[in-house]
Amino acid sequence: MQSGAQFPKPTDTTMEKILQLFKEHPDSVGESYFEHMSASFSFAVPLLSAAIAAFIHGVFPFFFVRTGSRIVTRLHERMVVHRAAKKA
């Protein structure tokens, strides 16, 4: 029994294009794929924490009064201010 769609077998050039997609942006910021993943995760975890704190604060305004803004300020400092300092 055959399935509906038949997918072409990936060629070397297809794989090279896919690998290039994974490398293009990290290369543009001077990082390897895994360095970029690590840096991205180091922002994602605090952002997730800030989102959860903001959600809880929305329901219970007396909880996490400054948590979300404090986390975002710290991340802004890391991402924007330090990046500008490195370029100077």
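Visitor: In which element is Leu21 found?

Guide: In this predicted model, Leu21 is found in helix 1.

Visitor: Is Leu21 buried or exposed?

Guide: A residue is called exposed when its relative accessible area is over 50%. Leu21 has 66% relative accessibility, so it counts as exposed.

Visitor: Which element gives the most to the nonpolar patch?

Guide: Helix 1 does, with 4 residues.

Visitor: How many helices and strands does the protein have?

Guide: There are 3 helices and 0 strands. Read from the N terminus, the order is α-α-α.

Visitor: What share of the residues in the protein is buried?

Guide: Of the 88 residues, 9% are buried. The protein exposes about 7700 Å², and 67% of that area is supplied by carbon and sulfur atoms.

Visitor: What pLDDT does the protein average?

Guide: Where pLDDT is low, the predicted coordinates should not be read in detail. The average for this protein is 87, and 83% of the residues score at least 70.

Visitor: Which elements have the lowest and the highest mean pLDDT?

Guide: Helix 3 (residues 67–87) has the lowest mean, 85, while helix 2 has the highest, 96.

How values were computed:
Residues are numbered from 1 along each chain as its sequence is written. This is a predicted model: local features need pLDDT of at least 70, side-chain atom pairs count only at pLDDT 80 or more; totals for chains, interfaces and linings use all residues. Side-chain values use heavy atoms; hydrogens and water are left out. Helices (H or I, at least four residues) and strands (E, at least two) are DSSP runs, numbered from the N terminus. Buried means under 20% relative accessible area, exposed over 50%, partly exposed in between (1.4 Å probe, protein chains only). Accessible areas come from the Shrake-Rupley method with a 1.4 Å probe; for residues, only the protein chains shown count as cover. pLDDT is the predictor's confidence in each residue, from 0 to 100.
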